[in-house]
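Hello,

Here is the structure you will be taking over. Please look through it first; my notes follow below.

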Amino acid sequence: MGRVIAIANQKGGVGKTTTSINLSAALAEKGKKVLVIDTDPQGNTTSGFGLDKNELDNTIYELLIGESAIEDVINKDIVDGVDIIPSNVDLAAVEIELIDADNKEYILRNAISKVKDNYDFIVIDCPPSLSMLTVNAMTTANTVLVPIQCEYYALEGLSQLVHTVNLVKDRLNPELEMEGVVFTMFDSRTNLSLQVVENVKEHIQENVYKTIIPRNIRLAEAPSYGLPINLYEPKSAGAEAYRLLADEVIARKFD
Ligand SMILES: Nc1ncnc2c1ncn2[C@@H]1O[C@H](COP(=O)(O)OP(=O)(O)OP(=O)(O)O)[C@@H](O)[C@H]1O
Ligand SMILES: [Mg+2]
C-alpha cells in the first residue's frame with residue numbers, strides 16, 4: 001500500500017509547490033511510482049512539470065465535478081515514474097459549484113480510490129488556504145507534510161494548521177498523521193535562517209525532517225523550463241537536498 005502525502009501550509013509562498021514537484025521527482029528517481037495531484041487553481045505544479053495549464057480539458061476540476069473519469073485526467077509519465085493530475089484556474093469555482101454536493105469533503109478521496117494502489121506515493125500540492133480543497137487533500141491523505149520557510153514569521157499560522165489537521169483527523173479521516181515539517185529556503189549566509197530553525201524546533205512537537213532545503217537559484221529557475229530540479233540541474237544543491245528528503249520520506253514508516 002502506498003502513502004498519500006498532502007503538502008500543506010495556508011501561508012503563501014513557503015515552498016509547497018517546489019517541494020511537491022521536486023520531492024515527487026526525487027522519489028521517482030529512486031524507483032518509486034508517483035502520482036502528483038495539483039489541487040491549487042494557480043496550477044504551478046502543473047506548469048512546473050511542463051504542461052501548458054491553459055490548454056487542458058481534463059484537469060482535477062473536471063474530475064471533481066464528475067465530468068471526466070480518473071483515467072482521462074491522469075497524464076502519464078510526465079517525467080519518468082511520475083504521473084500527474086493537473087490543475088488550472090477553472091478549479092477556482094469548484095468550491096461554490098459543489099457547495100450542496102453530498103460528502104463534499106471526500107470527493108477527491110473517492111475519485112482516486114480506483115488508482116491509489118497503482119502508486120508507491122501520491123503527493124498532493126495544496127493551495128495556500130484551509131479551504132474545501134485543502135480539506136479534500138487531507139481526507140485523501142495518510143500524512144501531512146508542512147514546508148516552513150526560514151524567515152521571521154515562520155511560526156505564524158502553524159498552530160492553526162495543526163489544529164485543522166487535528167479536526168480533520170477527529171471528524172473526517174481518523175488515519176491522518178503529521179508527516180512532519182521541512183524547512184525551506186534556508187540561507188546559510190544569514191543568522192536569521194538558523195535562528196528560525198532553532199526557534200521553530202523549540203516550539204513544535206511535530207517530526208522535523210533533518211534535511212533542510214537551501215535557498216538555491218536553480219530551484220527557482222527550473223519551473224520556467226518545465227522541469228523538476230533533478231532533470232534541470234541534477235548536481236545542484238537543490239537537487240541533492242530533495243534527494244536526501246526523499247530518502248528520509250521513504251525511510252519513515254507509518255502503520
Ligand atoms: N529552496 C528554494 N530556493 C530558491 N527559491 C525557492 C525555493 N523554494 C521555493 N522557491 C521560490 O519561492 C517562490 C515560492 O515557492 P513555491 O511556489 O514553491 O511556494 P508555495 O508555497 O507553493 O506558494 P503558494 O502558496 O503561492 O502556492 C517561488 O518563486 C519558488 O521558485
Ligand atoms: Mg504553490
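Strands β1 (residues 3-7) and β5 (residues 121-125) pair in the parallel sense over 5 bridges. Within that pairing, I7 has D125 of β5 as its bridge partner. Two strands count as paired if DSSP finds at least two bridges between them. Strands (E, at least two residues) and helices (H or I, at least four) are DSSP runs, numbered from the N terminus.

The model is predicted: local features need pLDDT of at least 70, side-chain atom pairs count only at pLDDT 80 or more, and totals for chains, interfaces and linings use all residues. Residues are numbered from 1 along each chain as its sequence is written, chains are lettered from A and ligands numbered from 1 in the order in which they are written, and side-chain values use heavy atoms, with hydrogens and water left out.

The sheet is open and has 7 strands, ordered β3-β4-β2-β5-β1-β6-β7, with mixed pairing. Its edge strands are β3 (75-79) and β7 (177-184).

Now the ligand. 18 residues surround ligand 1 (a heavy atom within 4 Å). Among the closest are K16, T17 and P214. Helix α1 (16-29) gives the most to this shell, with 3 residues. Polar contacts (N or O pairs within 3.5 Å) reach oxygen atoms of ligand 1. A polar side-chain atom of K16 lies 2.8 Å from one. A backbone N or O atom of T17 also lies 2.8 Å from an oxygen atom. The protein buries 80% of the 630 Å² that ligand 1 exposes when taken alone (Shrake-Rupley, 1.4 Å probe).

Best wishes

Methods: A polar contact is a pair of N or O atoms within 3.5 Å; within protein, one must be able to donate a hydrogen and the other to accept it, and residues adjacent in sequence count only if both atoms are side-chain atoms.
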